[in-house]
Every structure is written in C-alpha cells, then in structure tokens.
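I opened a notebook for a structure I had not looked at before. The entries below follow the order in which I looked things up.

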Amino acid sequence: MAKASETDQYVLLPDQGLRAKAGAAGAQARELFLGAEAATPSRGLRLDGRRVLLKVIDSIGPDGAKLVELSPESALAIREQRPGVRLVPVVYYTPAIAPMEQVEGPPASTGARAAATDTITVKIVSKKDKSPVVGAIVVAFVDFTGRTGAQGVTDASGQVSLALGTASIKLQRLYVYPIDGYWSLIKKNLTVTTGTTVALAPLDLSYVDGVRWAYPNAADAAGKGVTVGVIDTGVANHPDLVIAGGANTVPGEDPTDFGDNGQHHGTHVAGIVAARGKPPTGIRGVAPGVTLRAYRVFGQNSGSASSFAIAKAIDQAVTDKCDLLNMSLGGGQPDPVLKAAVDDARAGGSLCIIAAGNNSRAAVSFPANEDMALAVSAMGRKGTFPTSATEAGAVAAPYGTDKKNFIADFSNIGPQVDLVGPGVGIISTVPGGWEEISGTSMACPAVTGAAARTLSTTILKMKRNAARSDAMVTAILASAKTLGFGPTFEGHGMPQPK
C-alpha cells in the first residue's frame with residue numbers, strides 16, 4: 001500500500017444509487033466491490049491482470065458503495081478498467097446554523113501610548129443573579145465595517161480578556177454568544193474598560209419563541225406513528241427527549257455511539273422535532289409523539305461530516321424504516337454520493353427534508369437543492385426574541401402579510417425552496433440544558449415535525465416505495481400556507497398541520 005501521504009480517500013459508487021443493481025454496469029460494480037472487500041492493503045486486487053492497491057475503510061454492505069483509500073495511480077487504473085464504476089472524491093458538510101459575527105483584523109490604532117498587548121477584561125454575568133457566564137464567545141468591534149477588533153471566550157469567572165490595544169475604548173458593537181441557558185446579546189456604541197460588566201438574560205422555557213408561536217401546545221400524541229431520523233451530530237440523553245435508537249456512521253468510531261459529539265447541534269435539532277418536556281421545566285417540540293432516531297455523521301468534537309458518512313446514515317435510516325429524514329446540514333460541493341443516497345431514500349419510501357443554508361440570500365445549498373428532497377428556508381417573527389439579542393440583526397425584508405414576519409437575513413433562497421419554517425432565536429434542548437440558536441438548521445426540524453403531523457394513516461400504510469414518498473410530499477405541500485413572502489423565499493409556505 002502506498003504511504004498515507006500518497007493516497008486519497010474516494011467513494012466507489014455504482015453507476016446508479018448506492019448499491020449495485022442488475023445489468024452489465026451493476027455486475028461490473030458488484031465484482032469490483034466484492035474484490036475490494038476481500039483485498040488486503042499489501043496484496044490489493046487484480047483488474048484484468050493489473051494489480052490495484054487499495055484499502056477499504058468503510059462500506060455500505062457487500063454490494064454497496066465503499067469508502068476507500070488509494071493512490072492516484074490506482075485511481076487511474078480503476079477508471080480505465082471499470083468505467084461503469086464511479087470514483088468520487090470525499091466531500092465534507094457542516095451544520096446549517098446562522099454564522100456568528102467574527103473579527104477579521106486587529107483593532108484600529110488608539111493613540112501613540114497604546115501598546116499592542118494592552119487588554120481590557122470584561123465580565124459576562126447573569127442578569128438574574130450576577131453569576132458568571134462561562135464559555136461565552138465575546139466579539140468586540142472597534143470598526144464593524146472593517147471587521148476589526150478582538151474576541152475571546154469567558155473563563156470560569158465569566159471574564160474575557162480582549163486585546164484592544166488600550167485601557168478604554170468605545171466599541172461600535174459588542175456581541176456575546178453564550179453556550180446555553182441565556183439569550184445572546186448585542187450592544188452598540190458601548191465604552192468598555194477593565195471591569196466593565198455585561199449582563200445576559202436567562203432563557204425562560206415558557207417564552208414564546210418562533211417555534212412555539214408557529215406550533216403551540218403540541219399534544220403528546222402529535223406525530224404518533226411517524227418515525228423521524230435526525231442525521232446530525234448525534235443526540236444526547238436529555239429529560240425532554242426519548243430516543244428509540246440509531247447509529248454512528250463515522251468511519252472508525254463505535255457504530256452504536258449515536259450520542260452528542262460535543263457540538264450540541266443534533267440535540268438541539270431533535271428537541272425542535274420532538275421534545276416532550278413542558279414549561280416551565282422543559283420545552284415542547286412540534287411533534288412529541290413521533291418515534292425519534294439519531295444518526296451521528298459528525299466525528300467526536302468535529303464540525304464537519306463526510307459525504308460517505310451521511311450517505312451511509314441515510315441508507316441505514318431507510319433500512320430502519322424512518323419516514324422522514326431531517327438533515328440540518330449542507331454547504332459542500334454537489335456530490336454524486338449524497339445525490340444517490342437522497343434518491344435511493346425517495347425510491348425507498350423515505351423523504352429527506354434539508355436545510356436550505358445560511359449564506360445571506362445565496363442560492364439554496366447542496367444537498368437541499370436536490371429534486372428528490374424538500375428544501376427549507378428560515379423566517380422569523382418580531383417579538384419572539386428579545387430586541388437586545390443578536391437575532392435582532394436577522395430582521396430583513398421581505399416582510400409577510402403580517403408585517404411582524406420576515407425572512408431571516410441569513411437564509412438562502414431561490415426556486416428550489418419548498419417550505420419555510422421558524423429559524424430565528426429558537427429555544428431547544430442541548431446536553432445538560434437548553435440553548436437558543438438560529439439558522440435554517442432550526443427551521444428544518446420545525447418543518448419536519450409539522451410534516452410528521454400531516455401524514456395520514458393511509459399514507460403510512462403504503463408500501464415503502466417512490467409512490468409512498470410522493471404521497472408524503474403531496475400531503476406536506478398541500479398543508480402549507482403562504483405567509484406572503486413569495487415563492488422564492490417560502491416555496492409553498494409554512495406547513496399547518498390540523
């Protein structure tokens with residue numbers, strides 16, 4: 001086997017779908033797949049008398065796509081000898097959360113006596129009891145347009161040192177992003193010195209955020225009979241959540257460890273779909289009665305997931321008879337592996353509902369823009385988050401028929417948008433507590449939960465094939481009501497289950 005530095009990872013893929021099918025091309029793929037499974041890194045396999053060195057890292061079954069490591073020479077040999085098999089480079093995707101503000105350069109000069117090493121220590125505390133807020137990201141802009149300033153993370157005392165080059169300075173903007181338990185904060189035209197204290201408002205689980213405005217007081221049985229797979233960063237044990245099972249498809253990790261990977265995202269998404277808590281001690285999702293399954297595709301403490309891990313999770317979720325697959329991820333390049341997985345799911349009676357992305361009115365990202373998926377954009381509503389929260393910056397035209405409603409400034413849009421959901425300042429579950437996050441990542445599970453509540457017993461009893469998926473799409477889209485934004489921004493509108 002070539003040295004690791006001389007190899008790349010690829011996905012061996014049939015000409016159609018994730019698994020080799022009948023026909024000449026399918027037979028060619030099946031032969032290569034079985035040979036690859038039996039090959040050793042040192043011996044490789046023979047293709048028409050030519051030796052190809054490769055290592056199979058992971059597989060979607062004996063006749064399914066393979067994640068392989070091989071040299072450029074071996075890749076050329078496979079393309080030459082087995083033209084009916086696709087050899088696709090691995091692509092990576094990220095959670096579809098709204099981006100935080102970031103400093104891009106050093107602070108502007110503040111005078112001759114200012115030293116580059118001068119810092120200001122700011123303390124972040126709870127507005128309720130003045131206790132320190134630990135682990136909050138603090139971003140201070142001296143020049144917001146120029147993206148200059150300083151940033152840091154609060155320590156165990158709630159303090160953060162900001163390298164602003166002076167002992168006192170007027171900030172154009174100060175952003176605070178807590179880990180959990182508090183609303184984020186934006187302050188403008190604030191003078192800070194060492195000792196400045198900034199207070200955050202604690203989350204109130206009885207608060208009517210965007211999801212609870214759109215889908216209030218969900219009954220315990222709402223969504224019962226529907227199985228939803230959350231393909232994400234894993235889902236933690238939480239008193240508001242009941243997880244029926246799942247899988248970890250990250251190569252090299254324990255396949256039974258589908259718990260939260262340390263990023264919180266999947267747990268937050270799961271709570272929006274199906275949290276079963278009740279305020280003021282818990283939160284309630286859109287469809288508490290669904291059967292919830294977790295599929296972890298992000299490695300431990302990783303912010304990216306490979307196309308292969310996602311495809312394998314989709315395949316496993318279909319095998320596990322999930323009806324709806326929530327995918328609050330995207331942003332990578334269009335990829336034949338994920339397209340094959342989404343298409344196979346649709347053909348197998350399962351439907352992928354995918355976040356449109358958060359690139360500030362850019363085109364709907366992949367894989368949400370796939371024809372066989374439903375793409376979800378994000379809206380917000382004034383009054384469902386504090387005016388002091390960073391979410392206030394997401395308010396932008398167009399406004400709906402009700403002028404309190406708006407399409408979030410971060411949301412991707414376009415003709416591929418099928419539905420819109422609440423995605424600004426959404427409170428949901430995270431390991432050990434609750435957090436508010438914004439993004440099409442949050443709008444997507446709100447729509448998934450609402451979609452689950454629209455599926456009739458008649459549809460759910462249909463044979464698991466493309467006709468079943470089509471019937472689900474028809475029912476979900478028929479339930480949607482326009483909010484007055486127009487098709488480019490909202491597609492058919494927001495699902496309104498009975």
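Contact, in these notes, means heavy atoms within 4.5 Å. I also note at the start that the model is predicted.

**Entry: L374 and the cores**

I began with L374 and listed its contacts, leaving aside neighbours within four places in sequence. L374 is in contact with L351, C352, I353 and I354, with D418 and L419, and with V473, I476 and L477.

I then looked up the largest nonpolar core, which has 67 residues. L374 is one of those with the most contacts inside this core, along with V226, V290, L292, L324, I353 and I476. Which helix gives the most to the core? I found that helix α7, residues 440-454, does, with eight residues.

There is also a second, separate core of 42 residues. I noted four of its members: I60, V91, F298 and V417.

**Entry: cysteines**

I looked for disulfides, taking as the cut-off a pair of cysteine sulfur atoms within 2.5 Å. The count came to zero. For C352, the nearest cysteine sulfur is that of C444, 9.9 Å away. Because a disulfide needs the sulfur atoms within 2.5 Å, C352 is in no disulfide. C444 is likewise in no disulfide, and its nearest cysteine sulfur is that of C352.

Are these two cysteines buried or exposed? C352 has 1% relative accessibility and counts as buried. C444 has 0% and counts as buried as well.

**Entry: R346**

I found R346 in helix α6, residues 336-347. Its relative accessible area is 10%, so R346 is buried, the cut-off being under 20%.

What does R346 touch, not counting residues up to four places away in sequence? I wrote down L351, then D371, M372 and A373, and then N465, A466, S469, D470 and V473. For M372 I also looked up the separation: R346 and M372 are 26 residues apart in sequence and 6.4 Å apart in space, C-alpha to C-alpha.

**Entry: F144**

F144 is in the loop between β9 (137-143) and β10 (148-153). At 16% relative accessibility, F144 counts as buried. Not counting residues up to four places away in sequence, F144 touches E101, Q172, R173 and Y175. F144 and E101 are 43 residues apart along the chain, and their C-alpha atoms are separated by 9.6 Å.

I looked up the largest pocket and found a volume of about 990 Å³. It is lined by 35 residues, and the closest to its centre are I97, A98, P99, M100 and Y177. Which elements give two or more residues to this lining? They are β12 (168-177), β13 (185-193) and β26 (433-437). By class, I noted 17 nonpolar, eleven polar and seven charged residues in the lining of the largest pocket.

The second largest pocket has a volume of about 180 Å³. Its lining has 13 residues, and R212, P216, N217, P279 and R284 lie nearest its centre. The classes in the lining of the second largest pocket are eight nonpolar, three polar and two charged.

**Entry: backbone**

Before checking the backbone I reminded myself that most residues other than glycine have a negative phi, and most peptide bonds are trans.

I noted a cis peptide bond from P279 to P280, with omega near 10°. P280 is in the loop between α4 (265-274) and β17 (291-296). P367 is in the loop between β21 (351-355) and β22 (373-381).

For phi, I noted K130, which is not a glycine and has a positive value near 65°. K130 lies in the loop between β8 (120-126) and β9. K321 also has a positive phi, about 65°, although it is not a glycine. I found K321 in the loop between α5 (307-319) and β19 (324-327).

Are these two lysines buried or exposed? K130 has 56% relative accessibility and counts as exposed. K321 has 51%, so it counts as exposed, the cut-off being over 50%.

Note on methods
Residues are numbered from 1 along each chain as its sequence is written. This is a predicted model: local features need pLDDT of at least 70, side-chain atom pairs count only at pLDDT 80 or more; totals for chains, interfaces and linings use all residues. Side-chain values use heavy atoms; hydrogens and water are left out. On a 1 Å grid over the protein atoms alone, a cavity is a set of points where a 1.4 Å probe fits but cannot get out, and a pocket is an open set with protein on both sides within 12 Å along at least five of seven lines; lining residues have an atom within 4 Å of a point. Grid points are joined across faces, edges and corners, and a volume is the space filled by probe spheres set on the points. Helices (H or I, at least four residues) and strands (E, at least two) are DSSP runs, numbered from the N terminus. Ala, Val, Leu, Ile, Met, Phe, Trp, Tyr, Cys and Pro count as nonpolar, Asp, Glu, Lys and Arg as charged, and the others, Gly among them, as polar. Buried means under 20% relative accessible area, exposed over 50%, partly exposed in between (1.4 Å probe, protein chains only). A nonpolar core is a set of buried Ala, Val, Leu, Ile, Met, Phe, Trp, Tyr and Cys residues joined through side-chain atoms within 4.5 Å.
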